[in-house]
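Please look over the sequence and the three-dimensional model shown here before reading on.

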Amino acid sequence: MTPTSRLYRLLRGLLLLPALCAACDLTLYSSSIQHCVTNFEVQMNWTDPQRWCDWTVLSSLYNDLTVCTEMLADALQCEWPNPEVDSLFVGVHGRWLKACPRYIAPLRDPPLFVLVPLILAPVLSTLLVTALIIWLGKRSEGML
């Protein structure tokens with residue numbers, strides 16, 4: 001049984017909890033989201049550490065964590081996001097993503113075979129429309 005299926009079985013059980021009061025129980029929510037964190041940690045431990053900074057791998061795990069905290073918030077009638085979730089994600093970033101590089105490759109101009117048509121198309125269409133307006137204006141001057 002995968003950690004994800006265990007997570008959804010846990011969430012299904014928590015969603016069946018009756019809402020005893022209309023207010024959010026932050027203590028119960030805080031302890032409940034630890035199950036989400038545990039599931040995330042298990043999945044991260046199964047992932048190759050070399051791929052921890054690869055967003056294509058990390059996005060599904062991160063999404064599972066987000067959905068888990070949202071579903072718990074809904075089940076316990078808590079607002080989402082909330083300070084508990086904020087501190088949870090700050091902790092996740094501090095533990096698992098602190099070694100990820102912050103360097104983002106600088107943007108470059110596209111190659112000339114892409115750039116030239118993108119520049120010439122509006123310039124030529126502007127010139128064509130201007131010439132057409134002038135030609136039509138001169139043609140209709142004597143028709144007043």
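Arg-51 has a relative accessible area of 39% and is therefore partly exposed, a class that lies between buried (under 20% relative accessible area) and exposed (over 50%), as judged with a 1.4 Å probe on protein chains only. The model is a predicted one, in which local features need pLDDT of at least 70 and side-chain atom pairs count only at pLDDT 80 or more, while totals for chains, interfaces and linings use all residues. Residues are numbered from 1 along each chain as its sequence is written, and side-chain values use heavy atoms, with hydrogens and water left out.

The partner of Arg-51 is Asp-54, with which Arg-51 forms a salt bridge whose closest N and O atoms are 2.9 Å apart; the term stands for a side-chain nitrogen of Lys or Arg within 4 Å of a carboxyl oxygen of Asp or Glu. Asp-54 is also partly exposed, at 26% relative accessibility. A search of the whole structure finds two salt bridges, and another pair is that of Arg-95 with Glu-41, where the closest N and O atoms are 2.7 Å apart. This pair links distant parts of the chain, since Arg-95 belongs to helix H4 and Glu-41 to helix H2, 54 residues apart. Arg-95 is partly exposed at 48%, and Glu-41 is partly exposed at 25%. Helices (H or I, at least four residues) and strands (E, at least two) are DSSP runs, numbered from the N terminus.

Helix H4 consists of the 14 residues 83–96, which at 1.5 Å a residue should span 20 Å, and the 20 Å between its end C-alpha atoms agrees with this; the expected span is 1.5 Å times one less than the number of residues. The buried residues of H4 are Val-85, Leu-88, Phe-89, Val-92 and Trp-96. They lie on the same side of H4 because they cover an arc of only 90° around the axis, the arc being that of the directions from the helix axis to the C-beta atoms. In general, an α-helix has 3.6 residues a turn, so residues three or four places apart point the same way. Pro-83 and Val-90, which are exposed, sit on the face of H4 turned away from its buried side. Helix H2 (26–46) and helix H3 (55–75) are among what covers the buried residues of H4.

Thr-69 is found in helix H3 and is buried, with a relative accessible area of 0%. Not counting residues up to four places away in sequence, Thr-69 touches Tyr-29, Ile-33, Cys-36, Trp-80, Val-85, Leu-88 and Phe-89, where contact means heavy atoms within 4.5 Å. The side chains of Thr-69 and Trp-80 are joined by a polar contact of 3.0 Å, that is, a pair of N or O atoms within 3.5 Å, of which, within protein, one must be able to donate a hydrogen and the other to accept it, residues adjacent in sequence counting only if both atoms are side-chain atoms.

The peptide bond from Trp-80 to Pro-81 is cis, with omega near -5°, and Pro-81 is found in the loop between H3 and H4. Gln-77 is found in the loop between H3 and H4, and its phi is near 55°, a positive value in a residue other than glycine. Most residues other than glycine have a negative phi, and most peptide bonds are trans.
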